[in-house]
Amino acid sequence: MKRILSGIQPSGRPHLGNYLGAMRQHIEMQENFECYLFIADLHALTTVKDPKLMHDQTYDLATSYLALGLDPKKTVFFKQSDLSEHAELCWILDCMVKIPFLERAHAWKDAKQKGNKDVSVGLFNYPILQAADILLYEPDLVPVGQDQKQHIEMTRDIATTFNTTFGETFKLPEAYIKEEVAVVPGTDGQKMSKSYGNTIEIFAPEKELKKQVMGIITDSIPLEDPKDPKSCNVFKLYKLIASKEDTQELANKYMAGGFGYGDAKKTLLTKILEYFAEAREKYEEIYQKKDFVYGVIEEGNKKAKETSSKTLEKVKKKIGYIR
Ligand code: TYM
């Protein structure tokens, strides 16, 4: 059976971009792959500096995954900071990578371009920790959104450097990116992202969710005129969760005219609530079961450690730390 691994930061409530670009695939792939999924809370420390937020968002993310259908019997679900192997391998890989290589990373280049002088060493080093996350579990595929593609390519390069220096050690992973959801647009048409404040959060209370959907930016074509569905942010999101028939029906309404963007947004909101109805209900239920949620993570940590500690031991032997 082929193996997948992926991670997600507990840096806010999961949004439609996270779900469609990554989480949905993670849940679906449980059936046919050996799955490792983790909460990337070491990475989240680059932005989350409040202990209560770190804790609450981690718990919220674990609950969200379970509500969406993550089955702990099928998936090893764990928390990055509970496994010292990640930080340990990160250091070893740090010593394999030259600074100019890291300077090519998009996140670092963006921060520099924006003149942000308050960038931590952690943010600079972010891709190497991600390489450690991946290489420890020797996955065949890493299911992610388009924004992570460069990180997977860097992981392959870092693994190759290590393999060339110390002999064949790491397996080279491949990114698994679904084209139609590679970049899910946010309420302003840019990529949906916590850092742009343009998200639609799938487990937000209904009132908040409504506010986010109603805030989607559209053009100013009058209600009575025909509209082009393909150029509308509301339609683009609708298409990603609705059936073919419902999508065609909405497209027809756009093109016929007499159908305003307010109507389209209400249609999208109804669809989101319908699509996530079961998960939203389960979320409320699971959220109360603290022992269960923490138990799942504890169990996942143990299984993850079995795999990651073996890889780290192999690495240490290659380096000459142990015999
Ligand atoms: P993060 O937490 O930013 O996002 C989690 C997942 O959601 C995807 N995603 C999107 N996909 C499509 N359209 C969007 N608008 C969108 N926004 C987010 C991301 O591509 C990602 O798959 N660095 C990672 C976490 C990480 C990781 C790893 C992932 C740490 N170590 C090892 C894979 C393997 C991150 O920040 O994801």
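Biologist: How many aromatic pairs are counted in this structure?
Modeller: The count comes to 17 aromatic pairs. The model is predicted.

Biologist: Why is the pair of Phe38 and Phe78 called stacked?
Modeller: The ring centres of Phe38 and Phe78 are 5.3 Å apart and the planes meet at 25°. Rings pair if their centres lie within 6.5 Å, and planes under 30 degrees apart count as stacked. Both values meet these limits, so the pair is stacked.

Biologist: What makes this a link between distant parts of the chain?
Modeller: Phe38 belongs to strand β2 (residues 34–39) and Phe78 to strand β3 (residues 75–79), and the two residues are 40 residues apart.

Biologist: Are Phe38 and Phe78 buried or exposed?
Modeller: Both Phe38 and Phe78 are buried.

Biologist: What makes Phe203 and Tyr283 a stacked pair?
Modeller: The rings of Phe203 and Tyr283 are 4.8 Å apart, centre to centre, with 20° between the planes. The limits are 6.5 Å for a pair and under 30 degrees for stacking, so Phe203 and Tyr283 count as stacked.

Biologist: Why is Phe203 called buried?
Modeller: Phe203 has a relative accessible area of 8%. Buried means under 20%, so Phe203 is buried.

Biologist: Why does Tyr283 count as buried?
Modeller: The relative accessibility of Tyr283 is 8%. That is under 20%, so Tyr283 counts as buried.

Biologist: Which residues do ring pairs link into a cluster?
Modeller: Tyr59, Phe203, Tyr283, Tyr287 and Tyr294 are linked into a cluster by ring pairs.

Biologist: What lies over the face of Tyr59?
Modeller: Lys290 does, at 5.1 Å from the ring centre. The distance limit for a charge over a ring is 6 Å, and 5.1 Å is within it.

Biologist: Which ring does the charged end of Lys227 sit over?
Modeller: The charged end of Lys227 sits over the ring of Tyr261, 5.5 Å from its centre.

Biologist: Why is Gln130 called buried?
Modeller: Gln130, in helix α7, has a relative accessible area of 11%. The value is under 20%, so Gln130 is buried.

Biologist: What makes Gln130 and Gln148 a polar contact?
Modeller: The side chains of Gln130 and Gln148 make a polar contact at 3.2 Å, and the distance limit is 3.5 Å.

Biologist: Why is Glu138 called partly exposed?
Modeller: Glu138, in the loop between α7 and β4 (141–143), has a relative accessible area of 25%. Buried means under 20% and exposed over 50%; 25% falls in between, so Glu138 is partly exposed. Phi of Glu138 is near 45°, a positive value in a residue other than glycine.

Biologist: Why is Ile322 called partly exposed?
Modeller: Ile322, in the segment after α14 (290–319), has a relative accessible area of 34%. This value is also between 20% and 50%, so Ile322 is partly exposed.

Biologist: Which element supplies the largest share of the lining of the second largest pocket?
Modeller: Helix α7 does, with four residues. The second largest pocket has a volume of about 210 Å³, and its lining has six nonpolar, five polar and one charged residues.

Note on methods. Residues are numbered from 1 along each chain as its sequence is written. This is a predicted model: local features need pLDDT of at least 70, side-chain atom pairs count only at pLDDT 80 or more; totals for chains, interfaces and linings use all residues. Side-chain values use heavy atoms; hydrogens and water are left out. On a 1 Å grid over the protein atoms alone, a cavity is a set of points where a 1.4 Å probe fits but cannot get out, and a pocket is an open set with protein on both sides within 12 Å along at least five of seven lines; lining residues have an atom within 4 Å of a point. Grid points are joined across faces, edges and corners, and a volume is the space filled by probe spheres set on the points. Ala, Val, Leu, Ile, Met, Phe, Trp, Tyr, Cys and Pro count as nonpolar, Asp, Glu, Lys and Arg as charged, and the others, Gly among them, as polar. Rings of Phe, Tyr and Trp (its six-membered ring) pair if their centres lie within 6.5 Å; planes under 30 degrees apart count as stacked, over 60 as edge-to-face and the rest as tilted. Buried means under 20% relative accessible area, exposed over 50%, partly exposed in between (1.4 Å probe, protein chains only). A charge sits over a ring if NZ of Lys or CZ of Arg is within 6 Å of the ring centre and within 35 degrees of the ring normal. A polar contact is a pair of N or O atoms within 3.5 Å; within protein, one must be able to donate a hydrogen and the other to accept it, and residues adjacent in sequence count only if both atoms are side-chain atoms.
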